Amino acid sequence: MSTATTTTEAPAAAAYTPSAESLGAVLALGERPPRPSAFSASLTFGWRAMLKIKHVPEQLFDVTAFPIIMTLMFTFLFGGALAGSVSEYVQFLLPGIMVMSVVMTTMYTGLAVNTDIEKGVFDRFRTLPIWRPAPMVGYLLGDAFRYTMAATTILIVGLILGFRPDGGPIGVLTGMALLVAFSFAFSWVWTMFGLLLRSDKSVMGVSMMVLFPLTFLSNILVQPDTMPGWLQAFVDVNPITHLVAAVRGQMAGDPDTTALVWVVASGAALIAIFGTLTMRLYNRK
Amino acid sequence: MSRETSGLAIETSGLVKTFGKTQAVAGVDLTVRAGTVYGLLGPNGAGKTTVVRMLATLLRPDAGEARVFGRDVVRDADAVRGRVSLTGQYASVDEDLTGTENLVLLARLLGHTKPAARERAAALLEAFGLTDAADRQIKKYSGGMRRRIDIAASILNTPDLLFLDEPTTGLDPRSRNQVWEIIRLVVAHGTTVLLTTQYLDEADRLAGRIAVIDHGKVIAEGTPGELKSSVGAGSVHVRLRDAERRAEAEQVLTRTLGRALAAPVQLEADPVALTARVSGDETDRAAAEQASHALAELARHGITVDDFSLGQPSLDEVFLALTDRTTDPHTAAETLEPAATDKETVA
């Protein structure tokens, strides 16, 4: 205040002298409260993810603008050539493009984990006496919110472009719920890479290498009938193919039971394998 | 809540941690009594942080054992986590969140209810002089404020043992004094503190006992006073008027002090300055007497002394003698031999 060169923080810093009284008061905690449950700790970390969205809203760009661009691009690019008209192609494409966009968004989980490790806050979490996977589950809960936003954005764009699903609101909602749940399971792949790799650039690189084949070599853009046999073999075992089939089934009001079983089974397997690997890395870090 | 005021807060034996080919910690034995401040002193890369990370359950030791309040840090990690807290070298708070949000988040994770968490956050911010910055993101805090919110987060549940890893590195003098005062108050309340630092005056001011660490090993251990007396009873610092006569002065001092010298006379980076470390135990004469005798001899040889001082050796001197590192490459070779013998007397 005294001179123009003083920074805004200087007066506050100068005024502060640690007082034995007020510090003593906070130190006299008495009984430590009981540890939070696994559920409560995970929810608290989920709340942290929401706070981060509140403070850095730019990160929602990935789940709004990117899906809109994807939907418009592929609908108008292939609409005429593949299905004769845009409104006809969008009936086929929309569930698939929704899956593609959301699954692509999952890689940001790995980036978030990786940047947090670089900072000291991760050490703080790891020294807390809480359920060990809670910080990881918290990330994924925050991400589930982002996935829901991305899916909703695409649905709105689709409806504007003329997407009229036969499954009605129930079919659309269950389809979206299935997609978000699978993405939650799939994200454990990225928490593992986030902990394993050294920089956010390498996480990005690996994510692209995994996501491009998984999403493009599937039934998202075209039916696999015209592909060569070896490629069809890959497409048939690709979990994304089954996810797309299941979501399409739900939205079309014609549930695909086989695909549903596949999706649930592969989701459970992803959590079992990559969840375990993630926690192993987390504890060893 | 049981709070041991007697007994041991930390015991380690033969602690080893290897990263690739480098042995960051090469067999460390430590004993820290509860309720005290213990300093780990050493240069960058000495292995201080690695020791702290193992004790805080962040790293698994490759060999050896470590117990915190009698609980093994590997087998009983969860019990240890319930009683310790760590303030790392880099702010262990979320930079994107505000001060309040960080503390509420942590309070919730430590089991406080929502209203209790908010109350606790407000009380901590108040006690650390951060109430005005409560709703600002941490990334907008100054260095000193960051440190304070970090320590506030660390004492949220009044830990029994607090690890402070280089708590004042990079802080301005005023913020450093604030942190020192906070540490004193926390210790006065009964929390044991393990402090790592590369600043000798910091260890000297705060720690009751100090372990000097270099290349992953404890090379000296004791109270600050013990460490100082291990290098000699005192140091005579002399500044000459004429730099050209320094070599002569060095000879005079060496001859006069003789066996009373704890180490060869040291030529400082300043071309007119010399330092002689005097050990009191070799002869019956006190360090002050030795010094005045030496000064009289210099005068007798017609060497003009502009300034002189006699003091207890600073921890800097202890440190340099023990770690075989000096800022002046010319004196490095000279201090190497006696430093090696010092090690034995200390250990």
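**Note on a predicted two-chain model**

1. Within the largest nonpolar core of this predicted model, which numbers 167 residues, the members that touch the most others are Val99(A), Leu179(A), Leu55(B), Leu103(B), Leu194(B) and Val212(B). Helix α9 (residues 168-196) of chain A provides the largest share of this core, 14 residues. From chain B, domain 1 (8-228) and domain 2 (231-346) each contribute at least three residues to this core. A nonpolar core here is a set of buried Ala, Val, Leu, Ile, Met, Phe, Trp, Tyr and Cys residues joined through C-beta atoms within 7 Å. Domain bounds come from an automatic or database domain assignment. In soluble globular proteins, nonpolar side chains tend to be buried together.

2. The conventions are as follows. Residues are numbered from 1 along each chain as its sequence is written, while chains are lettered from A and ligands numbered from 1 in the order in which they are written. The model is predicted: local features need pLDDT of at least 70, side-chain atom pairs count only at pLDDT 80 or more, and totals for chains, interfaces and linings use all residues.

3. Beyond its neighbours within four places in sequence, Val99(A) is in contact with Leu179(A), Ile220(A), Ile240(A), Leu243(A), Val244(A) and Val247(A). Contact requires that the C-beta atoms of two residues, placed from the backbone, lie within 7 Å.

4. Chain A has 13 helices and zero strands; helices (H or I, at least four residues) and strands (E, at least two) are DSSP runs, numbered from the N terminus. Along the principal axes, the C-alpha atoms of chain A fill a box of roughly 75 × 45 × 35 Å. Of the 285 residues in chain A, 41% are buried. A residue is buried if 20 or more other C-beta atoms lie within 10 Å of its own, exposed if 12 or fewer, and partly exposed in between, with C-beta atoms placed from the backbone. Among contacts in chain A with a separation of 6 or more, 79% involve residues 24 or more positions apart.

5. Chain B has twelve helices and 14 strands. Buried residues account for 51% of its 347 residues. For contacts in chain B between residues at least 6 apart in sequence, 68% join residues at least 24 apart.

6. At the interface, 38 residues of chain A are in contact with 49 residues of chain B. On the chain A side, α1 (10-15), α2 (20-27), α3 (38-55) and α7 (121-126) each supply at least two residues, and α2(A) gives the most, with seven residues. This side has 21 nonpolar, six polar and eleven charged residues; Ala, Val, Leu, Ile, Met, Phe, Trp, Tyr, Cys and Pro count as nonpolar, Asp, Glu, Lys and Arg as charged, and the others, Gly among them, as polar.
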